[in-house]
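Please view the sequence and the model together while reading.

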Amino acid sequence: MAVSAWSQPRVAIVTGGGSGIGEAVSQRLAADGAAVAVFDLDGDSAAVTASAIEAAGGAAIAVVCDVADRTAIEAGVAETVERLGRPTILINNAGITPFGRFLDISRETFDQVIAVNLRGTFDCCQVVIPHMVEEGWGRIVNISSSSAQTGNFGHTHYSASKAAVIGLSRSLAKEFGRKGITVNAVPPSFIETPSLHRAAEEGQLGSGIQEHIPTTPVRRVGQPDDIAAACAFLCRDDAGYITGQVLGVNGGRVIV
Ligand code: NAP
């Protein structure tokens, strides 16, 4: 007999849900029974994800939201509460991944990477957690990066922002465990999304994506559904004893 993910209806927010990993996570959580608010900078892509969920029989809304803008987050969460109910699942996935040699990275670019990848995660947690506390239950998954664990050439700003996301997650886990809220980090590596294809087109992956398959222990490029499966697992009722952990989903490319 199948065990359902949750004993009661759940509302999830997925940031950057219009593309790549966020799109797959949105669809997976909806397939598992959550109503999903798809947050994205790009309202059209968020609407496409939400429509696909509804076409498959799920519940979703599209919310235009720049996670670098605290006011926009507060408005998006208020809209979610009004249209779907209190959010008790939060996947902080929105991220930007510019490359640049360290000595060429401007303070503006550094600030932008921190504003989206780190402060966006901080702000979304700070706005959503009070709803989780009110419900006495919550699940947060913060999407980090294997670059946080290993470093990556041309990615000092990005790696620093994603390493900070791990520290944030572990500290939140210690502070909010007593409230029934778990917080975990998932650092992906080498997942086939528009962002990975952009990196390949910019020449950041050597001769391309295929070149890295022989050095990946499972001998394939990861798919957004691989990350979605990990997020869905960490958000289930029966994952309640797992918190403050870093679950690498990377085909064995990084083993720490
Ligand atoms: P993606 O295909 O580029 O998707 C990212 C989504 O986030 C896009 O829809 C993007 O919108 C949105 N977004 C960007 N900035 C935003 C903002 N300020 N507010 C709200 N939404 C915003 O990238 P992805 O590969 O799926 O990456 C998702 C996450 O996984 C990122 O945090 C990334 O760092 C992490 N990650 C990915 C890999 C990988 O191999 N793919 C590896 C490690 C970590 P626009 O399209 O309008 O910009």
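Contact here means heavy atoms within 4.5 Å. Helices (H or I, at least four residues) and strands (E, at least two) are DSSP runs, numbered from the N terminus. This is a predicted model, in which local features need pLDDT of at least 70 and side-chain atom pairs count only at pLDDT 80 or more, while totals for chains, interfaces and linings use all residues. Residues are numbered from 1 along each chain as its sequence is written, and side-chain values use heavy atoms, with hydrogens and water left out.

**Overall architecture**

- The protein chain contains eight helices and six strands, arranged along the sequence as β-α-β-α-β-α-β-α-β-α-α-β-α-α.
- The radius of gyration (taken over C-alpha atoms) is 17 Å, close to the 18 Å that the globule rule gives for 256 residues, so the chain is as compact as a globular protein of that length. The globule rule is 2.2 Å times the number of residues to the power 0.38.
- Along the principal axes, the C-alpha atoms occupy a box of roughly 45 × 45 × 35 Å.
- Among contacts with a separation of 6 or more, 71% join residues 24 or more positions apart.

**Burial and surface**

- Of the 256 residues, 49% count as buried; buried means under 20% relative accessible area, exposed over 50%, and partly exposed in between (1.4 Å probe, protein chains only).
- The chain exposes about 11,900 Å², of which carbon and sulfur atoms supply 53%.

**Packing of α3 and α4**

- Helix α3 (residues 70-83) packs against helix α4 (residues 107-135) at an angle of about 35°, with the axes 10 Å apart. Axes are lines fitted to C-alpha atoms, for helices over the stretch in contact, and angles run from 0 to 180 degrees between N-to-C directions.
- On the α3 side, Arg70, Ile73, Glu74, Val77 and Val81 take part, meeting Gly120, Asp123, Cys124, Gln126, Val127, Val128 and His131 of α4.
- The residues of this contact comprise six nonpolar, three polar and three charged. Ala, Val, Leu, Ile, Met, Phe, Trp, Tyr, Cys and Pro count as nonpolar, Asp, Glu, Lys and Arg as charged, and the others, Gly among them, as polar.

**Two individual residues**

- Ser146 belongs to helix α5 (residues 146-150) and counts as buried because its relative accessibility is 9%.
- Leaving aside residues up to four places away in sequence, Ser146 touches Gly151, Pro187, Pro188, Ser189 and Val254.
- Val3 is located in the segment before β1 (11-15) and counts as exposed because its relative accessibility is 59%.

Definitions and conventions:
Areas by Shrake-Rupley, 256 points an atom, 1.4 Å probe, with all protein chains shown as cover.
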